[in-house]
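Take a walk through this structure, one site at a time. Keep the sequence alongside as you go.

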Amino acid sequence: MSETMAAIPLAETVAGLDDAAACAAMIRGGSKSFHAASLVLPRRVRLPAYALYAFCRLADDAVDLRGGPGAAARLLDRLGRLYAGKPQAHPADRAFAEVVQRHRIPMDIPAALIEGLAWDEAGRRFETLRDVEDYSARVAATVGVMMTLIMGERRPEVLARACDLGTAMQLSNIARDVGEDARAGRLYLPRAWLRAEGLEPDAFLAAPVFSPAIGRATARLLDHAEMLYARALPGIAALPWDCRPGISAARLLYREIGREVARRGYNSVLSRAVVPGRRKARLLAAAVATTVPPARRVRAQPPLPANAFLIDAVADTDAMVPEAPALEGRLGRALDIFVTASLNVSNQRTRS
């Protein structure tokens with residue numbers, strides 16, 4: 001892509017201010033951990049990340065809240081229109097359409113995310129850890145790949161580590177939401193693990209009650225997440241210097257979810273583990289204060305088999321994407337001010 005194509009025309013950028021503010025509001029209201037981590041990302045990454053999150057949130061809500069037969073198919077059609085340059089009249093569609101074009105995100109990546117949501121819609125059963133990883137690849141590792149492309153990094157070995165991080169985050173979320181998911185009729189802990197513990201999965205879903213068996217399965221899942229959080233570190237070191245603190249923050253915040261589950265005896269059936277705000281602030285400060293040493297080369301450790309197809313989808317586009325000069329300088333600062341002001345107004349309305 002040429003630098004001219006990468007730049008956003010002034011009129012289009014100004015017209016998109018409302019879309020940017022709407023996307024920022026969606027992330028602030030939908031994911032406190034993701035929003036907190038995004039605050040230490042550079043502007044050139046933070047604003048596209050808001051658009052990415054907003055579309056993911058829109059897609060998740062379309063299946064999870066409204067749902068109904070064919071919800072995922074309608075989303076795929078919506079995605080196709082977006083890639084064809086004819087997005088629906090929604091801030092997330094318009095903003096995400098710009099992001100995928102500017103950063104050359106293959107359609108297979110967000111389509112895989114929608115496939116994962118369709119698995120939820122169909123009530124898919126997850127028998128093994130590989131089944132859970134297949135699901136996590138779609139609903140979480142896809143986001144890791146897209147974020148890495150937005151940051152301008154396309155090397156397969158770095159994308160593999162981004163997939164590790166996305167999968168680890170999803171496993172942390174699963175461990176936190178065991179009870180909440182079960183009461184909604186969903187089970188993401190490997191069913192084979194529960195049977196090995198002498199617990200019938202469908203019986204647990206019928207009456208979600210904490211037991212040592214559930215606790216051991218949850219601990220086992222978090223142990224696997226810990227391994228993936230460790231594998232992700234070299235990938236963070238390979239990112240642009242100003243992106244490392246934000247991704248380090250995301251890693252620390254989501255990892256802390258699992259640690260909070262552990263502090264509660266791995267009982268996430270009775271209540272949902274929440275990381276206190278002060279602890280989040282300390283983790284954010286630690287991410288900003290700790291310099292992740294740069295790594296020009298990342299050991300070519302194979303990705304999880306479940307994630308390999310995502311990396312293959314990007315393999316034919318290995319050139320770096322140039323930054324967009326139109327978002328820098330005074331216009332970029334104006335966009336930041338506009339988004340922040342819009343969020344403040346929204347917060348005041350919520351509190352009143």
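Leaving aside neighbours within four places in sequence, Pro 42 is in contact with Asp 242 and Cys 243. Bear in mind that the model is predicted. Pro 42 sits in the loop between helix 4 (32-38) and helix 5 (43-66). Cys 243 lies 201 residues away from Pro 42 along the chain, yet their C-alpha atoms are separated by 6.5 Å. Is Pro 42 buried or exposed? Its relative accessibility is 14%. Buried means under 20%, so Pro 42 counts as buried.

Move on to helix 6, which covers residues 71-83. Its length can be checked. At 1.5 Å a residue, the 13 residues of helix 6 should span 18 Å. The C-alpha atoms at its ends are 19 Å apart, which agrees. Which residues of helix 6 are buried? They are Ala 71, Ala 72, Leu 75, Arg 78, Leu 79 and Leu 82. These residues cover an arc of only 115° around the axis, so they fall on the same side of helix 6. Just after helix 6 comes Gly 85, with a positive phi of about 80°.

How many cavities of 30 Å³ or more does a search of the whole structure find? The search finds 1. The largest cavity has a volume of about 40 Å³. Its lining is made up of Ile 174, Asp 177, Val 178, Asp 181, Arg 186, Leu 187, Tyr 188 and Leu 189. By class, the lining of the largest cavity holds 5 nonpolar residues and 3 charged ones, with no polar residues.

Conventions: Residues numbered from 1 in each chain as written. Predicted model: local features only at pLDDT ≥ 70, side-chain atom pairs only at ≥ 80, totals over all residues. Heavy atoms only, no water. Helix = DSSP H or I, 4+ residues; strand = E, 2+ residues; numbered from the N terminus. Expected span 1.5 Å × (residues − 1). Buried < 20%, exposed > 50% of the residue type's maximum accessible area, 1.4 Å probe, protein only. Arc of directions from axis to C-beta. Contact = heavy atoms within 4.5 Å. 1 Å grid on protein atoms, 1.4 Å probe; cavity = no way out; pocket = protein on both sides within 12 Å on 5 of 7 lines; lining within 4 Å. Points joined across faces, edges and corners; volume = space filled by probe spheres on them. Nonpolar A, V, L, I, M, F, W, Y, C, P; charged D, E, K, R; others polar.
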